[in-house]
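Start with everything shown as a cartoon.

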Amino acid sequence: MFLNFIEHIGIAVKNIAEARTYYEDVLGLQCYAVEEVKDQKVRTAFFKIGQTKLELLEPTSDDSPVAKFIKKHGEGLHHIAFSVNNLPEKLEILKKKNIQLVDETPRKGAENLNIAFLHPKSTFGVLTELCEKQTDL
Ligand code: CMX
């Protein structure tokens, strides 16, 4: 299998403190981690539903990719993330199939995962993230 399962769904919000009350008080989910990913200029909050997670993304600076996204599209669905095995090999395969890679090689993302993004221009408008459990990069 090329993909294992949906690892998480990323949702862009202006303010995690405000948005999480909806997920907690209305939907009854529990936020189990809040983490800043400095490299991406975002703060993240995670909720788990079965095997899948929801990741709220709040920009920590005006030049964050998420700030740019919210400015253009407003808050809402931002990306889908799939779990894969052997991420470097998967990126090579995608490159050969002319999929535009945002990250040519894996980098460290939230929750200690190695991650790489595929550009929405070559994935029919869906910003796509591939994730693999951390191995030494
Ligand atoms: N979903 C769908 N389309 C998107 C998008 C998204 N999340 N983000 C940007 N786009 C579209 C834009 O609307 C734009 O389309 P048009 O050309 O039709 O106007 C196009 O992609 C280019 O967007 P842009 O605003 O000009 O931004 P950039 O090219 O500078 O960057 C992207 C786009 C995807 C490369 C950048 O946002 C990126 O690197 N994203 C991946 C990193 C990221 O999102 N990190 C935050 C999450 C961190 C984590 O989960 O750990």
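The tour goes from the whole chain to the sheet, then to single residues.

**Before you select anything**

This is a predicted model, in which local features need pLDDT of at least 70 and side-chain atom pairs count only at pLDDT 80 or more, while totals for chains, interfaces and linings use all residues. Residues are numbered from 1 along each chain as its sequence is written, and side-chain values use heavy atoms, with hydrogens and water left out.

**Stop 1: the whole chain**

Colour by secondary structure. The chain has three helices and eight strands. Helices (H or I, at least four residues) and strands (E, at least two) are DSSP runs, numbered from the N terminus. Along its principal axes, the C-alpha trace spans about 45 × 30 × 25 Å.

Of the 137 residues, 44% count as buried. Buried means under 20% relative accessible area, exposed means over 50%, and partly exposed lies in between (1.4 Å probe, protein chains only).

Contact means heavy atoms within 4.5 Å.

Colour the charges next. There are 18 positive and 20 negative charges, and their mean positions are 5 Å apart. Lys and Arg count as positive, Asp and Glu as negative; His and the chain ends are not counted. Each charge is placed at NZ of Lys, CZ of Arg, CG of Asp or CD of Glu.

**Stop 2: the sheet**

Hide the surface and select the strands. Eight strands form an open, mixed sheet in the order β2-β3-β4-β1-β5-β8-β7-β6. Which strands are at the edges? They are β2 and β6, each pairing on one side only. Two strands pair if DSSP finds at least two bridges between them.

**Stop 3**

Select residues 31-37 and 42-49. These are β2 and β3, antiparallel and joined by six bridges. V34 has A45 of β3 as its bridge partner. Four residues lie between the two strands of this hairpin, and K41 takes a positive phi near 55° there.

The hairpin of β3 and β4 has two residues between the strands, and G50 has a positive phi near 60°.

**Stop 3: S64**

Move to the loop between β4 and α2 (65-73), where S64 is found. Is S64 buried or exposed? S64 is buried, with a relative accessible area of 1%. Show its surroundings: not counting residues up to four places away in sequence, S64 touches Q40, K41, V42 and P59. S64 and V42 are 22 residues apart in sequence, and their C-alpha atoms are 6.9 Å apart.

**Stop 4: the loop between α3 and β6**

Select N98, in the loop between α3 and β6. N98 is not a glycine, yet has a positive phi of about 65°. N98 is exposed, at 68% relative accessible area.

E104 lies in the loop between α3 (87-96) and β6 (107-108). E104 is partly exposed, at 46%. Leaving aside neighbours within four places in sequence, E104 is in contact with L91 and K95.

**Stop 6**

E111 is in the loop between β6 and β7. E111 has a positive phi of about 60° and is not a glycine. Its relative accessible area is 24%, making E111 partly exposed.

Finish with residues 113-118 and 128-133. Here β7 and β8 pair in the antiparallel sense over six bridges. L113 has K133 of β8 as its bridge partner.
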